[in-house]
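I'm opening my notebook on a structure that is new to me. I'll jot down what I look up as I go.

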Amino acid sequence: MELRLYDTRTRAVRPVEPIRPGAIGVYVCGPTVQAAPHVGHLRSAVALDVLHRWLIASGNAVTFVRNVTDVDDKIIHDAAHNGEPWWALSARITRAFDDAYDAVQVLRPTIDPRVTGHLPQILALTEAIIERGHAYVSGGDVYLSVRTVEGYGALSNQSLDALQTSEKAVPHGQSGQKRDPLDFALWKSAKPGEPSWPSPWGLGRPGWHIECSAMAVEYLGEEFDIHAGGLDLVFPHHENEIAQSACAGHAFARHWLHHGLVTAAGGEKMSKSLGNSITVADALVTTRPQVLRYGLGAAHYRSSMQWSPEVAEEAEAAYSRIETFVRNASEAVGDTPVEESLSKASWDEFAAALDDDLGVPQALATIHSGVRAGNALLAARELPTLAATLSVVRRMLTVLALDPMSQWPSAGGGELTAVVDALVMLAIEARGQARDRKDYGQADALRDRLGEAGIVLEDTPDGVRWRLS
RNA sequence: GGCCGGGUGGCCGAGUGGCUUAGGCAAGGGCCUGCAAAGCCCUGUACGCGGGUUCGAUUCCCGCCCCGGCCUCCA
């Protein structure tokens with residue numbers, strides 16, 4: 001395993017050294033299914049999908065867990081507001097997330113466990129923490145006693161005193177049952193009308209953080225390779241996961257991966273609570289899904305990125321350049337045998353970029369260089385070399401789920417395509433006859449008519465090619 | 001206030017103690033074309049500000065300014 005990733009805890013790029021060589025476990029904090037997914041959620045999914053795919057492409061057996069938080073304060077609140085059951089809301093939104101993931105070819109996780117399906121594991125973990133003396137029961141709630149946790153704050157580099165004196169670190173919401181303002185709930189007693197499950201401490205539901213500790217251990221074991229999520233989860237969520245798991249005696253995650261956030265036009269983080277988010281459904285109205293994937297995935301996963309119509313347009317321009325090359329080169333190459341050895345250097349460069357903390361920008365630079373070289377080979381009709389270049393470009397694109405041919409076949413039914421092609425060819429032949437007799441007025445008029453219909457003609461050495469604009 | 005990240009050429013976005021100073025978009029010039037389209041070639045300027053270390057810093061160190069994230073639910 002050559003992969004090196006930035007680790008939030010050590011604040012350095014470190015090699016990934018799997019606990020079981022050849023296999024690797026990844027836990028991702030997935031969404032709280034409360035409102036429709038926005039492009040920030042999708043950026044998260046795409047960035048981690050690149051990790052997922054690269055781990056697979058590197059020959060690992062990957063167990064990829066991405067949880068769904070399907071019960072929480074906001075879900076309960078919104079559902080009540082809508083007059084629908086909380087589970088109907090969370091199920092509906094879960095499907096909206098799945099649709100969004102599918103739209104941009106995010107690989108399905110090995111499993112996407114839900115909080116409500118793991119109450120036994122959550123209760124067992126909570127009990128273990130109590131037994132070890134790190135949590136206490138208070139009025140039907142269970143709180144983790146942060147002061148008993150050695151090294152609390154290490155992930156986010158916070159000192160307890162700083163947290164204590166921090167202006168905003170005031171207790172809120174809870175019923176004042178905490179011994180210390182820093183303590184957090186493992187289990188919350190049910191208020192009337194709220195969903196609840198039986199527990200040794202009465203009816204209630206899990207606190208926000210405990211679910212992830214419980215589910216990660218369930219599917220990946222007490223120690224696993226990579227835990228990932230958004231930068232906004234570092235504190236308190238991930239810090240608290242570490243604390244809980246340590247209190248239960250679990251080594252937990254070896255590597256902590258955090259991706260940057262998407263900002264809206266004003267440069268502010270895109271979020272539901274700020275009301276500045278662009279939903280995936282809205283983005284897909286104006287942007288093709290493969291372009292959305294390209295655009296959201298193009299920046300390095302750790303940097304913040306803006307999403308705006310301009311960014312979408314640039315992604316469209318950059319991606320169509322790739323598509324045009326793959327299409328043109330494929331037509332030209334036909335069955336020309338591929339000499340793979342010719343493309344090794346490109347692949348090695350690409351692999352080195354991804355191995356270095358998932359350097360997608362450099363990886364894309366390699367792809368674009370391949371495209372440029374390939375276009376030159378195409379013009380020079382050097383087909384054997386072109387075949388090799390096309391092959392490696394597509395191989396690289398496939399890792400990023402951006403190959404126009406295998407992963408993003410153009411829309412449109414087969415039969416209809418044949419009919420349209422025949423009709424367009426009629427026009428192309430008529431234009432050809434006009435050109436032969438130097439009647440360029442007539443030829444251009446025909447081309448303009450096709451253009452108005454959304455059809456672009458390209459004259460090539462091999463004849464006229466048409467495509468939709 | 002504390003902790004973390006960032007400020008790169010018209011825009012987006014990599015990267016590095018000096019070496020041919022990524023890549024995309026946009027701009028200008030050229031080639032190809034009947035004209036286009038697609039494509040190829042060439043061109044341009046950069047490293048927030050002020051110090052310091054160094055033979056040499058955009059890259060390392062210090063200070064400052066500005067932006068963002070977290071400290072409250074959040075990918």
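Predicted model: local features only at pLDDT ≥ 70, side-chain atom pairs only at ≥ 80, totals over all residues.

Before I start on strands, a ground rule: two strands pair if DSSP finds at least two bridges between them.

**Entry 1: a pair across two strands.** With that rule in hand, I looked up lysine 188 and found it opposite arginine 205, a residue of E8. I then checked how E8 is joined to strand E7, which spans residues 184–189. The two run antiparallel, and three bridges hold the pairing.

**Entry 2: the sheet around them.** In what order do the strands of the open sheet come? I read off E5-E6-E7-E8, four strands with antiparallel pairing. At the edges I noted strand E5 (135–138) and strand E8 (204–206), each of which pairs on one side only. I also looked up the twist, and from one strand to the next it averages 20°.

Entry 3: Next I followed the chain out of strand E6 (141–144) and picked serine 145, in the loop between E6 and helix H5 (160–165). Is serine 145 buried or exposed? Its relative accessible area is 14%, and anything under 20% counts as buried, so serine 145 is buried. I wanted to know what it touches, leaving out residues up to four places away in sequence. My list reads His134, Ala135, Tyr136 and Asp183.

Entry 4: I went back to strand E1 (residues 4–7) and strand E2 (residues 12–15). They pair in the antiparallel sense, and I noted four bridges. Aspartate 7 has alanine 12 of E2 opposite it. Four residues lie between the strands of this hairpin, and one thing I flagged there is arginine 11, with a positive phi near 55°.

**Entry 5: two helices.** Last, I turned to helix H11 (residues 344–355) and helix H12 (residues 360–380). Their axes are 7 Å apart, and the packing angle is about 165°. Angles over 145 degrees count as roughly antiparallel, so that is how H11 lies to H12. I put the crossing of H11 and H12 down as left-handed.

Which residues of H11 meet H12? I wrote down Ser346, Glu349, Phe350, Ala353 and Leu354. On the H12 side, I have Val360, Gln362, Ala363, Thr366 and Ile367. Sorted by class, the contact of H11 with H12 has six nonpolar, three polar and one charged residues.

Technical notes:
Residues numbered from 1 in each chain as written. Chains lettered and ligands numbered in written order. Heavy atoms only, no water. Axes fitted to C-alpha atoms, helices over the stretch in contact; angles between N-to-C directions. Parallel < 35°, antiparallel > 145°, perpendicular 65-115°, else oblique. Left-handed = near helix turned anticlockwise from the far one by under 90°. Contact = heavy atoms within 4.5 Å. Nonpolar A, V, L, I, M, F, W, Y, C, P; charged D, E, K, R; others polar. Buried < 20%, exposed > 50% of the residue type's maximum accessible area, 1.4 Å probe, protein only.
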